[in-house]
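Please read the following report alongside the sequence and the coordinates. It goes from the whole chain to its parts and then to single residues.

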Amino acid sequence: MPFEQHYLAGLDLRGRRVLVVGGGTVAQRRLPRLIASGAVVDLVSPVITPAVQGMVDAGELTWHERLFEAGDVEGAWYVLACTSDVEVNAQISEEALSQRVFCVRADIAVEGTAVTPASGTHDGMLIGVLAGGEHRRSAAVRDGLVAALRDGRIADQAAPPVGVALVGGGPGDAELITVKGKRLLALADVVVADRLAPRELLEELPAHVEVVDAAKIPYGRAATQDFINQTLVDRAKEGKFVVRLKGGDPYVFGRGFEELLACAEAGIPVTVVPGVTSAFGVPALAGVPVTHRGVAHEVVVVSGHVAPDDPRSLVDWPAIARLRGTVVLMMAVERAGAFATALMEGRPGSTPVAVVQEGSTTAQRVLRSTLDSLAADMEAHQIRPPAIIVVGPVADIASLEG
C-alpha cells in the first residue's frame with residue numbers, strides 16, 4: 001500500500017492567478033472549485049467543452065484559445081496541467097518547477113509537485129482526502145466522512161443553529177428531502193410538521209425533540225396559521241432551534257413566506273430550504289413530464305382552494321383556458337369538475353388529464369382521464385386528497401410518442 005507523503009494544506013487563492021492548461025472534461029471538473037475559491041483563472045486550450053464555454057461566457061474565467069506556450073506560467077500562484085498530451089503536461093510541470101510554482105498533473109499525479117485531494121463540503125467545511133494516488137479509496141473515504149457528518153454519526157462541534165428553518169420536505173417520499181433539509185432537521189430542538197411532510201423523518205428524530213402537529217386536514221380539523229406562526233416565534237424565543245417541516249416547497253402554496261414574515265417581525269432569524277415541489281415532482285414520478293419538446297412550452301401551477309367563480313379567486317381562468325401548454329392543479333380535488341368546466345371554455349373536452357393521488361408514496365395511484373370525464377372518473381375511482389391534477393397533452397405523452 002503506497003504511503004501518502006504529501007503535506008495537506010489549504011490555499012488562499014482569492015484574487016490570485018491560477019493557470020489551467022487544457023479545456024476538456026478533466027479541467028471541467030476542476031474549474032468550479034477554483035472559481036468558487038475566488039481565483040483569477042486563466043485557461044489555455046485550443047478547444048473547450050460546452051460546459052467550460054458556459055463558464056467563459058459567464059465571465060468566470062479568461063480563455064486563451066491556443067496551445068500552451070513558454071512563459072504562460074509566469075505570474076501564476078498555482079498551475080493545473082490537464083491536457084491529454086503527456087509531453088505537454090511534462091513541459092508545463094517543468095516550467096512551473098523552474099519558477100517554484102506548485103503544479104498538479106492530471107495525467108501522472110506523482111510527476112507533479114501538488115495533488116488534488118478528493119474533496120467535499122459540509123456546513124461551511126471543506127474536507128479533503130489523499131490516499132497515495134488511490135483515487136477510488138480517497139473518494140470513498142471522502143464520501144463516507146461527508147455522509148457521516150450529515151447524518152450525525154460524526155459529531156460536528158460547530159455552533160448550533162438558531163432561529164427557525166423553513167424546510168421543504170418534498171412530495172412525501174422521505175428520500176426526496178434535500179441534503180441541507182435533512183441536516184437541519186437532525187439539529188432541531190422543535191419540529192413543527194405539516195400533515196404532508198415526510199412522516200418517516202419524524203420517526204428518526206431523537207426522543208428529546210418536541211414535535212408540534214401543524215396538520216391541516218382537507219375539509220376537517222386544521223391548525224390555524226396564527227397558531228403555527230406563534231409557535232415558531234415562541235419556541236425560537238426560548239432559545240430553541242425550530243424546524244418548520246413542510247410538504248413540497250415552502251413557497252409553493254405553502255404559506256412559507258407568511259411564516260417568514262411573522263418570524264422577521266419578531267426578530268427571529270430564518271433559514272429557507274427549498275424543497276421538491278409536488279407540482280412537478282409528483283407528475284414526474286408518475287411518468288408525466290410537465291413540459292416536453294414540441295408538446296408543451298409552458299406550465300402553469302394553479303391553486304384550487306377556491307372555485308373559479310369565487311370572488312376571492314385571483315386566477316384569470318379564461319386566460320388559463322386559452323393556453324396550449326400544461327396546467328397543474330393543486331388542492332383541487334373537491335372542485336375538479338368546476339375547474340374542468342372552466343378550462344373547457346378554451347380547450348376541447350378530449351384534453352388529456354392525469355390525476356396522481358398520494359404521489360411518491362407507497363399508496364400512489366394514477367388516474368388517466370379527459371376534461372369532460374374528469375369529475376365522473378374521480379368520483380368513480382374515489383380520488384381523495386392529496387392529489388395533483390395535470391391537464392394538457394403531456395398527460396398522455398406516451399400515446400404521442402408512440
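## Basis of the description

The model is predicted, so that local features are given at pLDDT of at least 70 and side-chain atom pairs at pLDDT 80 or more, while totals for chains, interfaces and linings use all residues. Residues are numbered from 1 along each chain as its sequence is written, and side-chain values rest on heavy atoms, with hydrogens and water left out.

## Overall dimensions

The chain contains 13 helices and 17 strands, where helices (H or I, at least four residues) and strands (E, at least two) are DSSP runs numbered from the N terminus. Its radius of gyration is 27 Å, whereas a compact globule of 402 residues would have one near 21 Å; the radius is taken over C-alpha atoms, and the globule rule is 2.2 Å times the number of residues to the power 0.38. Along the principal axes, the C-alpha atoms fill a box of roughly 80 × 55 × 40 Å.

The accessible surface of the chain comes to about 21,300 Å², and 54% of this belongs to carbon and sulfur atoms; accessible areas come from the Shrake-Rupley method with a 1.4 Å probe, and for residues only the protein chains shown count as cover. Of the 402 residues, 42% count as buried, a class that means under 20% relative accessible area, with exposed meaning over 50% and partly exposed in between (1.4 Å probe, protein chains only). Among contacts between residues at least 6 apart in sequence, 60% join residues at least 24 apart, a contact being heavy atoms within 4.5 Å.

## Domains

The chain is divided into domain 1 (17-116), domain 2 (163-273) and domain 3 (279-399), with bounds that come from an automatic or database domain assignment. The C-alpha centres of domain 2 and domain 3 lie 28 Å apart, and ten residues of domain 2 are in contact with 14 residues of domain 3.

## The parallel sheet

An open sheet is formed by five strands in the order β3-β2-β1-β4-β5, with parallel pairing; two strands pair if DSSP finds at least two bridges between them. Its edge strands, each pairing on one side only, are β3 (62-64) and β5 (102-105). Neighbouring strands of this sheet are turned by 20° against each other on average, direction ignored, where axes are lines fitted to C-alpha atoms, for helices over the stretch in contact, and angles run from 0 to 180 degrees between N-to-C directions. Strand β1 (residues 17-21) pairs with strand β2 (residues 40-44) in the parallel sense over five bridges; in β2, Val41 is the bridge partner of Val18 and Leu43 that of Val20. Because four of its five residues are buried, β2 is largely enclosed by the rest of the structure.

Helix α1 (residues 25-36) lies across β1, β2, β4 (78-81) and β5, and runs at about 170° to β1. Helix α3 (residues 86-98) also packs on the sheet, where it touches β1, β4 and β5, and its direction makes about 165° with that of β5.

## The mixed sheet

A second open sheet has five strands in the order β13-β14-β17-β15-β16, and here the pairing is mixed. The edge strands, β13 (299-303) and β16 (365-370), each pair on one side only, and neighbouring strands are turned by 20° against each other on average, direction ignored. Strand β15 (residues 352-357) pairs with β16 in the antiparallel sense over six bridges, and Val353 stands opposite Ser369 in β16.

Helix α9 lies across β13, β14 (326-330), β15 and β17 (387-391), running at about 80° to β17.

## Individual positions

Ser278 lies in helix α9 (residues 278-285) and is buried, with a relative accessible area of 15%. Leaving aside its neighbours within four places in sequence, Ser278 is in contact with Pro171, Gly248, Pro283, Met330 and Ile388.

Ala36, in helix α1, is exposed, with a relative accessible area of 67%. The C-alpha atoms of Ala36 and Leu13 are separated by 9.8 Å, the two residues being 23 apart along the chain. Tyr7 lies in the segment before β1 and counts as exposed at 76% relative accessibility; Tyr7 and Val115 are 108 residues apart in sequence and 9.8 Å apart in space, C-alpha to C-alpha.
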